[in-house]
Amino acid sequence: MPQTSTPHPRTQLRQNFVLSPITALEFYHAESNSSYLLAGEDTWLRIYNVATSRLVKQLRVFNSQPIHGIHAWKSDDGAPTTEGGLLIWGGQSVMVLPPTSVTLLIQGTAPPELPTEFYAPDWIYDGILFSSKGETRGALVTAHNEIVTLKLSPDGNLLELGPVVSPSRPILYSANLTLLDDNTILVAGGTVFGEIIVWKFCFDSSRPSQWEVLYVFSGHEGSIFGVTISPEIEVAPGSKVRLLASCSDDRTIRIWDIADRQLAATQDGMEIDSKTLGEARETGFGGNSEVKEENKNDSTRCVAVTMGHLSRIWHVKFGEYTPGLEGPINVYSFGEDTTRQKWELSLDVTGSEGCKGALKHCTTDSCHSGKNIWSAAVSNKKGQASLIATGGADGKIVISGGMSSSGSEGDYEAFNLSLSFDDVLGQIQENSPTPFMDPLPKGDPKHAFQKYAFLSDSRVITTTSPGRIFVADIQETPKWKEVRLPDEVVADLRSYNIMRSVAMDTVVLGSSTGNVYLLHSRKPIRLVGNLSGKIQDILPLVGVDVQNWQAVITVLGADRAYILSYDASTDEPSIGGLTLSLPEHYIPTAAAQVGSAIILGSRVGVVTIYSFSEDRVGTIRPQNWSRDPKTKDAITAIVPLPGSSRDFLTTCRDGKYRMYTIWRENRGFSLQHEISPPMGMIEGAWFTTTENPELILHGFKGKQFVYYNATTSAVLASLECGGAHRSFAIISPLTNPNALRLIFTKSSHLRFYSQSSTFLRTLKEGGHGREIRAVACSANFKYIATAAEDTVIRIWSPSPTGPGFKCLATLEKHSSGIQSLQWKGDHTLVSCGGSEELFIWSITRLKSDYETLAVKCEAFWNFHTKDKDLRIMAFDFSNSYIGEYHTEFAIALSNSTIQTYTYGERTLEFEFGSEGRYTGACPTQLRYVPGCEDIIVAYTDGHIAIWTRPFWEPGPEITSANKAPLSIELLLKLHQSSIKSFDVVSPHDGRYIIATGGDDNALIVADLGIDDGGKYKVNGRYRVSSAHGAAVTGLKIVRDDADLIEVVTVSNDQRIKLWRAESGQDGQGIKLSLQDNRYSGIADVGDVEVISSGKVMVGGVGMEVWDFNPFKWP
Amino acid sequence: MGKSSKDKRDAYYRLAKEQGWRARSAFKLLQLDEEFNLFENVTRVVDLCAAPGSWSQVLSRVLIKNEKFGRCAWEDREAKFRQRMLNAIPSESTDSQQQEERQDFEMTNSQDESSNRSDVKIVSIDLQPISPLPGVITLRADITHPATVPLLLKALDPSYDPEASANQQAQHPVDLVISDGAPDVTGLHDLDIYVQSQLLFAALNLALCVLKPGGKFVAKIFRGRNVDLLYAQLKVFFEKVYVAKPRSSRASSVEAFIVCINFQPPEGFKASLEEPLGVGSRLSELQQQQQDSICQSGPSKAGDDGITEVIPEDLSGSDNKYRWVAPFVACGDLSAFDSDASYKLAAGHISLPPVQPPTAPPYKRAIELRRQNGGAYGKPVVSK
């Protein structure tokens, strides 16, 4: 670094984007009748329009404190609430946005100035604003069961915090406040030790005592993570109860009766009774607690208890109910397992023991990725279904309920029917009083539904074991009728038949005698031909003209499949003019035409290509075939990619879908993409015809039928159906995948399900649901890959419309934590982690209208130890090629060794080179020295080692791997303990600048050179001891000029810092300066990476982008 | 993960079982002691949040039974050998190293039976019961509860009369207060850091009541956001504050230990659990008075390793008032087993059962019920 004469301007950091857990949610109903969802995302308040999902405005509320709660002034019945402002809190920070500011915000305008951030004496769990005697007031409850009052100005600005009041100060995990009347607040606190304290606070200070303890509930066996006080619930005219819901570490949800005479008559109910907890209480888990005698009865006030969720339950909230208890009270719980569960609480207030009830489980909806629903809001408007929002650790917001169906064309009705055979027979008799065929007798146990097909959106058809065919028109619900069939057709279809929908209003049927029939909605059934053998399947040829449709007919044991063609101009079907020759024992299960090729898929997963032209007759022989060696399961669908004549998709019962590209002249095809969506067996797929086509899959997962949008990774429907291997038919408008009709058999009943829209809607997309451990950007800043503790890799590209990113692919193959991630070019990604997993991914973009990345795991490292229990901590590719297609790469294993291999880009195989063993300490980072084949490794003992090899000439054996032994040339102590982050640059030949961040809070810059003997020499090591307040877990050299380098560091202390190193005075040593130091919203940070010129991405709990530039931000 | 797989992944887990410790965390205290001589001239100790009792076990074996644990307790001999070979240990220190090693050898786990000490007082407190340990008085109590102070003082001095004593200050204070308490983390980092800091303050509040001037305080800390505020607050009461990371604590964990040396209560300060620190404004007022005394003391072990210490020019303009980063000290020397590395087990290795089974989690009943109802995915049902 030669000395610089002109000083460089200071480089500063500016936050450009943050995706963080949603830690607070609240609904806000404006006077305009629009509803808004207020979300706390790190320090930001974000306001979304519920109807349009649009982000209306965002405001940075706190300086360096995430928002944990938002309270919008509310009336009891959920009516518009503009009179009050917003109370926002997080940690000890609290702010009130006055009504005028809120009005501006929902109009999309930033308020002229941000109110002052106040600090409460302790952590805040809940807060409310209310009006008392014409004055606006507020209160907070803290983690030590204290009430802090808020004093507001007439225009709704927070002026000061009042004194602290508490009956006892156990440490809480949850608390909730409700206004009882002008004077009194009801407080519920859930303690760390499993108790719930319910008390009243009177803010009329003229009273002798400001508080009174009402109940102390014990019964939970673990910490109370959520408490919610219900509104007053009218159980009978004039009779009201108030309930408390609680959820706990013990996986139970409990409902408590907290109404009592005192509460009913609060006006004069403030006298102090014997239950006061003047002195703090002994606390402890379960049996430990010495509940006071007078509190023992409190636990009999437990109304209902139930167990739910696979792990901890964070929140429980009350939903809608009908006054007078004509129906149940809905209760919602939200858990660590990312599910939202709905419960129905039925109450009995007639018994002598007071209010008793039961909780019945209704639904479980998986809403988020990874772990944890951190925030939830429920809004109950009279006479409407509850509006429910959940916010996850994944930064996603999911919303449901309260939405009126738009009623636009293509929408379906919502129903869920279960009909026995006799039910359907009864309906047929009702709908056709004068039957044209002999009515089937009722009560025959052998009668069964056989095959289903949709003739159109509003017409469904089923074949039956007696050989009769029923059809239903759907007007609100299905109306069943029978199809007129000649007696000989009934006899032919009896006991065995096959039926498929091939085009609008058209099905093709096949029988065991080899007859093929055509049935059109408005025409009598027609015999198309006989194929001398049992018709095994009818496979509509996907991708051909919908008017002149074609289908592939397969016959049991035949050596060929027959093409059935329909000519719309003559209304003539023809069969057998063209046949496809089949390999031995080949049972086709799916067919499609892609460009000028016909693709067949088989029962054991073989995909076969035939070259085809319109005028061809006779038998076509296959051009080529291929099968994934890992699968033996049936191909269930083949679909051409929209707008492509070369690319197609297959779905398979092995749970994967794959994409292939056909070679020139249909000579074969190659796999481009292979993905396992969260389904056990995929049964079919289609693309929407929307402007940006989306891929819609359906299949089975355990006992569920799953309907899934693979483009948005959203489960659109999940329905218990009893499991795979059943007859079913499905249809959805291609323009609206959220609507769905599904018909299937379950325990000999016909089940018919129809949905108008998805129950759950993603208001805002999220990312990883666990901590990001690695961020890597491809060579030309094209893609960004992130890997997280949840073992998932996501690939992103910058959003074309603004800051933010679009997730292009989700890679789920790792079975344990991913340690490191790196691109080679723009199309190869390598990931490594626990269980000795190292995968090489190929990433390409197919030329089709479906915008997706084609991703496949191309190769994996397979030199496993016996137990496969080491972790691959890091790896790197060498800088040069060996021959034309081989590169060397090195890996670092948790047993203190590093190993080198060559990897053949054509062979996709690894060959072992050599190994170097260190002291026993675990390596944390590994990198080839820029410009040479030496390897730098950082270790948990704070050292870096440079491993080198003597010049090596391959022997007579044919090998491409460098077998020369590895030895340490330079060992350098840098940190006191583990090196957590590392980067190296070479400003010029023979000069290396290494920067490291340690567990010891230090930043170290080491300046290395090469001495005259060609050995490494240390020019200097420079340490900033307390560079951060905690471990420096991410570090990147972001600027590497001739005369200075700049380093970005991130740490668990949630600061992002930018450091500059330049030559010291008179060229001696290095001068370090801290250029910028900012709060980062990313906790438990794992990595930092340059994602384009002047931008870094920080990954941890969420992701964040910072601009860095050597000028002052406006 | 199988048992022997865990033995490989976690050397200290295996060593703890082999050496009879109730939990691997025993090594954390031993390694802290090695660095800071925590037990030197110490006869009266209070162990907070002690269950399952591995730290009390260390106290019992070191202070009562007079056992000595040197480096050999956790030394990876092969690592030491390889370090020599790879020259990881600077040659100039080899002599002293060898000397130390000889000493180590003599010191390792030697027990002087004759000198079982009777003047030693160890009191352990936890909410959970702790299995008895020789010479250790165990109390089941909530350390945040004001009544715990008289309880503790009585345990330390049977003659203590809570009625007669006007304040909660101990008459015969203790030399060392230690706490290895940690909450079950929720995953909401903010909240977990807060709850951990409250546990730390609970321990500190109690320590302030019973610690003698010049005494020491050691507690677990999560190194996360605003930990520098916490360091600065501890500095109000102690001359020296370090943040220490034993080699037996995983580098991947946010856990570290705050080691506070030479208790110097501010003038006029009276400790009380009725008015605890950690919430409210009392501590920040104390801090304002003390502001001058918190000066950035240099790192303890730096300077002798050939690395140039740099004080960077701070151009960021950020406000660091009330923030201070305690010097970091790694404990347990480099030949200690690495808690992050995987180790090969000797041929014929038999995986031992843990010395004490883990305490039952609050969701134990949920797991049992789920099992009864058809495995992990069966619908759990509970009867009232």
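Analyst: Happy to; here are some notes on the model, followed by your questions. This is a predicted model, in which local features need pLDDT of at least 70 and side-chain atom pairs count only at pLDDT 80 or more, while totals for chains, interfaces and linings use all residues. Residues are numbered from 1 along each chain as its sequence is written, and chains are lettered from A and ligands numbered from 1 in the order in which they are written.

User: Why is Lys220(B) called buried?

Analyst: A residue is buried if 20 or more other C-beta atoms lie within 10 Å of its own, exposed if 12 or fewer, and partly exposed in between, with C-beta atoms placed from the backbone. Lys220(B) has 21 within 10 Å, so Lys220(B) counts as buried.

User: What makes Ser179(B) a contact of Lys220(B)?

Analyst: Two residues are in contact if their C-beta atoms, placed from the backbone, lie within 7 Å. Lys220(B) touches Ser179(B) in this sense, and also Asp180(B), Gly181(B), Ala182(B), Glu255(B) and Phe257(B), leaving out residues up to four places away in sequence.

User: What does UniProt say about Lys220(B)?

Analyst: An unreviewed UniProt entry annotates Lys220(B) as "active site"; such annotations may be inferred rather than shown by experiment.

User: How do you know that β84(A) pairs with β9 of chain B?

Analyst: Two strands (E runs in DSSP, at least two residues) pair if DSSP finds at least two bridges between them. Here 2 bridges join β84(A) to β9 (residues 313–314) of chain B, and the strands run parallel. Ser1073(A) has Glu313(B) as its bridge partner.

Key:
Helices (H or I, at least four residues) and strands (E, at least two) are DSSP runs, numbered from the N terminus.
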